[in-house]
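Please review the following briefing on a protein structure.

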Amino acid sequence: MELSMLLAQQIVVLFLMMIVGYVIVKIDLLKTEDSDTLAKLVVYIFSPCVIFHSFTNASFNKETFSGFAVAILGAVISFVLLLVTTKICEVVFHIDHIEQASLTYSNCGNLIIPLVSAVLGPEWVFYSSAYLIVSNILFWSHGISVISEEKQVHVMKMIKNPNIIAIIAGLIVFFTHLRLPLIVDNFTTSFGNMIGPASMLNIGILFAGMNLRLAFSNKRAYLIGFGRLIATPLIFIAIIHVCGIMKLHSLAPQILLITLLAASAPCAVNIAQVAQLYHKNSVYASSINVITVIFCLITMPFMVAIYQMVL
């Protein structure tokens with residue numbers, strides 16, 4: 001329960017940062033269009049620095065390697081569940097391509113990395129990278145195909161994604177036992193520390209340019225929000241409780257808690273950006289994102305509390 005309270009407090013802090021972003025647009029200090037620049041900084045600089053730094057500060061040994069393998073397995077289990085659930089919802093509720101992507105992909109980078117760092121400690125960000133690996137590979141292949149309604153998989157975009165590059169570089173450093181100069185460590189740490197405030201400011205700036213009344217009036221957005229924030233995380237907790245994955249590593253409960261945080265996070269911000277790029281319903285994608293961001297203040301600590309009680 002103590003961890004749930006810490007998580008709730010940290011989410012509130014991030015939420016207040018988001019409000020600052022909303023206010024600075026309303027007082028004409030910035031414009032909504034400025035969010036594009038901030039989003040590029042988060043995606044192309046801050047997030048890769050956090051990911052790379054997490055690998056360079058992890059000691060390569062049997063325990064960390066096996067722990068990372070458990071994190072990868074947990075991420076795979078999570079996405080299998082999400083993809084199956086999305087397919088069922090497509091058949092039963094006839095959800096469209098934007099709703100499918102929103103149900104499957106979470107804001108596991110911009111939100112989870114600062115949360116994990118603040119609540120569990122910077123050393124645990126290393127294990128959150130496992131979810132990012134699986135998520136980025138799927139999003140830049142399957143996710144793009146779903147949102148654009150095209151069959152083509154953008155392999156080169158996936159490979160060139162700075163987060164993927166940071167993961168590959170981090171893995172090389174991790175497995176080769178390289179020790180980088182202190183100046184590199186300070187560089188990645190400084191930029192990485194900016195991801196939380198920058199991400200929340202960006203979301204607040206986007207909110208300021210939206211019709212919030214229209215965003216909250218779509219009932220189907222709440223259905224997707226329920227699936228993303230409550231239904232699938234609960235099923236994930238049940239699955240890992242009975243499948244025996246908890247016995248694979250001494251730190252499995254903490255590692256899989258990070259997976260749960262990523263799986264129960266709000267819808268990915270990238271969905272609206274990609275939808276805009278392909279001239280799809282980016283406004284609806286943003287509406288779903290708004291709803292899930294706000295309600296995660298309650299649902300994420302609640303999921304953590306259930307996880308701790310069950311496991």
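S141 counts as buried because its relative accessibility is 14%, where buried means under 20% relative accessible area, exposed over 50% and partly exposed in between (1.4 Å probe, protein chains only). The model is predicted: local features need pLDDT of at least 70, side-chain atom pairs count only at pLDDT 80 or more, and totals for chains, interfaces and linings use all residues. Residues are numbered from 1 along each chain as its sequence is written, and side-chain values use heavy atoms, with hydrogens and water left out.

**Serine 141**
- S141 belongs to helix 6, residues 125–148; helices (H or I, at least four residues) are DSSP runs numbered from the N terminus.
- A polar atom of the S141 side chain lies 2.6 Å from the backbone oxygen of I137 and 3.2 Å from that of L138.

- Beyond neighbours within four places in sequence, I112 is in contact (heavy atoms within 4.5 Å) with N107, L261, A262, A265 and M300.

**Cysteines**
- The whole structure contains zero disulfides, a disulfide being a pair of cysteine sulfur atoms within 2.5 Å.
- C49 is buried at 10% relative accessible area, and its sulfur is too far for a bond because the closest cysteine sulfur, in C108, is 18 Å away.
- C267 is buried at 1%, and its sulfur is 10 Å from the closest cysteine sulfur, in C296, which is also too far for a bond.

Definitions and conventions
Helix = DSSP H or I, 4+ residues; strand = E, 2+ residues; numbered from the N terminus. Polar contact = N/O pair within 3.5 Å; in protein donor to acceptor, adjacent residues only side chain to side chain.
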